[in-house]
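Dear colleague,

Please find the structure below, together with a short account of what was found in it.

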Amino acid sequence: MKVLAFLARRFAWQAEVSAQPTSGLPPPPGESRECVVAFVHLEPGDLEPEARASKLRTLRKHLEWLARKRELHSHVLHSFTHLAGASADAEGARAFLAELGTSLAERGGSVQQTPFGWSCAWELDVHGESHATWPASDAICAALQVINHLQDCGNDYRDLARVYVPLEA
């Protein structure tokens, strides 16, 4: 399991692209203020019966510990599949996050989840970050998105016969 967690003033998301074929419209956007945001990547071994309960308990305790740093009571959980090479199966990851959300809620926290299986656009305002750094941060994020896209081009051509650049000018 890999986790990126943030103490956020504000976190907003908008579903854009579904990882699964769908005929429906994207889910509505969401937003949370004064919350812990957790991007969670589950790997195949994390869902094995002997590891699952321990991983769930450890992550819940970590998120609660992080929330206490700023006396936060809200959590946003996001399934993220780009933090490691291998990912747990989608239904197992969905069930794990649902159970984590239930466990946090039973202990007094409010919990939201970003739409599972959707690529989302995010706005993240973390505590400790100066708003003066936002223009530079936006430029770095845009560059990282382009790099990520370019890294995927070779695999997409090889595996899906998908090409993103015009063959003719």
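**Ser 74 and its surroundings**

The side chains of Ser 74 and Ser 110 are joined by a polar contact of 2.9 Å (a pair of N or O atoms within 3.5 Å; within protein, one must be able to donate a hydrogen and the other to accept it, and residues adjacent in sequence count only if both atoms are side-chain atoms). This is a predicted model, in which local features need pLDDT of at least 70 and side-chain atom pairs count only at pLDDT 80 or more, while totals for chains, interfaces and linings use all residues. Residues are numbered from 1 along each chain as its sequence is written, and side-chain values use heavy atoms, with hydrogens and water left out.

Ser 74 lies in strand 3 (residues 74-79); strands (E, at least two residues) and helices (H or I, at least four) are DSSP runs numbered from the N terminus. With 18% relative accessibility, Ser 74 counts as buried (under 20% relative accessible area; exposed is over 50%, partly exposed in between; 1.4 Å probe, protein chains only). Leaving aside residues up to four places away in sequence, Ser 74 touches Ser 32, Glu 34, Cys 35, Val 36 and Ser 110 (contact means heavy atoms within 4.5 Å).

Cys 35 is itself buried, at a relative accessible area of 0%. A search of the whole structure finds 0 disulfides (pairs of cysteine sulfur atoms within 2.5 Å). For Cys 35, the nearest cysteine sulfur is that of Cys 120, 14 Å away. Cys 120 also counts as buried, at 12% relative accessibility.

The buried residues of helix 1 pack against strand 3, among other elements; they include Leu 56, Leu 59 and Leu 63.

With kind regards
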